[in-house]
Amino acid sequence: MTPSKLPIFGLCLLLVLCGCKQETITTYSIPKEESKATAPGTPQMMPGLAQQTSGFTTPNWQPARHWETQDPGPMRKGRWNIARDNQKAEVTAAAFPGDVGGDLANVNRWLGQIGLSSIDAPTLEKQSLWVAIDGKTCRLLILYSDDTPQAIIAAIVPHQGSTWFFKLMGETALVLQEEAAFRAFLDSIHFDEA
Amino acid sequence: MKRLLKFFSSLRLTIVLLSFALLVVFFGTLDQVHLGIYEAQKRYFESWLALWFYPAEWPGGNSLQTFFIPLPGGFLLGILLIINLICAHFTHFRLSWQKIGIACIHTGLLFLIVSGFLTGMLQEESQMALDKGQAVRFSQNMRQAELVIIDKSDPYMDYVTSIPTSLLEERKTVTDPNLPFSLTTLHYYPNAELGLQAQNPEAVPTLATAGAGAKMGLVVFPQPLSRQDNVVNAQTAYITINTDEGPLGTWLVSSILDSDRFPPQQFDYQGKTYEIALRFKRTYYPFSLSLIEFTHERYPGTNVPKHFSSLVQLVNPEHSEDRQVLIYMNHPLRYSDYTFFQASFVPGGNTSILQVVKNPIRSLPYYAVLLVGLGLFFQFSTYLILFLKKRE
């Protein structure tokens, strides 16, 4: 190649590289995913629903005194941290419009978060405890296994076309110790009727 | 041909191109205020032609905002500088032992410009959010979305078909040999908010006939595309799934309906369960990272970050690797072809956010600078020796 042709060759090479950016459909396989990570920048990317959830009126409640109040963020209505003997747990309260896909889908998502397998509808019915929260009969679930370090106790409360989720999640021993305090918290919940 | 070679080897051309480079940096910096760093970089430095418009908020902006200055983009300047450098080198220099330093300097400069160009073309950036104790194997590009159809029927593996949003043109149907159905985009919104039909009776009724959109009565409010660095656009679309037996339904998909808070939207077809989602574009890795501890220190009495670091567990089953790594400011984890920088965190200390950069030619600028340094050393040393010999 003569030196004078070098620039032309370089230009062609770079132009070819420019053409490599076209986007196409791709396929790939991944090990089965049950729980998924929080999307970065979450507070900024859901303006519509953040606005909606901020519209829900927070009920009256009485959290346990040893629960440490945290900033709930844009999507939650309440958040408390519990720490004892180097163990940690978190209580959250969140509200969403509708039934957010149904109880089974939500429970399976929680099971995924603590590394447990999904269950079917009959199993959900068997595992559900039913408690009264502000006069309504609501589903309460205690999810844990001897093989996983994390546990969840959660209540699902339908209220005026929306669904409230009250969840205690953390290290299994601490979560089980906190069950009584969490149930007392659920007992204290009272919605102001609009 | 000779005239063309003369033009491209002209040192005047070098001066003109470098002057334009100064102008591009100047106007790009001015526009960065409105566009944010990412968009300004795309428009001015990773483009062939850049247009600077007179800002509307400047004095007389109302009448002058249509006034614009065309400028060569970074790619065009880079290519012209490369051609200029190569032509000038072969026109003005003859390779000899005395001038090998100059050849080194020119080659180094060439590598520098080429590496800048290739970085713009090939570098991929994304974010990895690590929740304490949770192993994460993917990162997300917050500026690009993908429509995914996930075949969930296998008990151990998920089979993902990823469709870039650039293919989601309205009324256009997308097919793929791996899918037993086709997808038609009814509407695509580069940025949107969602609301409840019940609370917004005046809104355009939902087109969704299946999934969360139909179940919850969600309606779409299109929003202008935001280019600010700290704002994420929520891509949203109505997608109809067509089968040989007729349409299966229309789903509302949106990056707002992310899988952390909302159950996946699933449907069954031909005995298989599929999930449909519009999400931030993911890159999966053959290894996982999990956050062990996140440390965040502030300067006393202020909210100014002093130091933040993430202690992570790196697990790569392919290499039987399981070790702890501390990532902190200016000390990224370089692993495989990727660099993981400590970028941000979610208040509360349970989530750390890493910036993941893949740059296949990340070493090239170092070699280029080394080559320029060697060339300068050789050239100055040669002249020094000649000068000292003359004095003797």
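Two strands pair if DSSP finds at least two bridges between them, and strands (E, at least two residues) and helices (H or I, at least four) are DSSP runs numbered from the N terminus. This is a predicted model, in which local features need pLDDT of at least 70, side-chain atom pairs count only at pLDDT 80 or more, and totals for chains, interfaces and linings use all residues. Residues are numbered from 1 along each chain as its sequence is written, chains are lettered from A and ligands numbered from 1 in the order in which they are written, and side-chain values use heavy atoms, without hydrogens and water.

Select residues 236–243 and 246–254 of chain B. These are β10(B) and β11(B), antiparallel strands joined by eight bridges. Now pick B:Y238: its bridge partner in β11(B) is B:L252.

Next, select residues 74–92 and 100–122 of chain B. Helices α4(B) and α5(B) pack at about 160 degrees, their axes 10 Å apart; axes are lines fitted to C-alpha atoms, for helices over the stretch in contact, and angles run from 0 to 180 degrees between N-to-C directions. The two helices are therefore roughly antiparallel (an angle over 145 degrees). Residues in the contact (heavy atoms within 4.5 Å) include B:F75 and B:L85 of α4(B), and B:L110 and B:F117 of α5(B).

Finally, colour chain A by pLDDT, the predictor's confidence in each residue, from 0 to 100. The chain A average is 78. The lowest mean, 48, is in helix α2 (residues 47–55), and the highest, 94, in helix α6 (residues 179–188). Where pLDDT is low, the predicted coordinates should not be read in detail.

Methods: Parallel < 35°, antiparallel > 145°, perpendicular 65-115°, else oblique.
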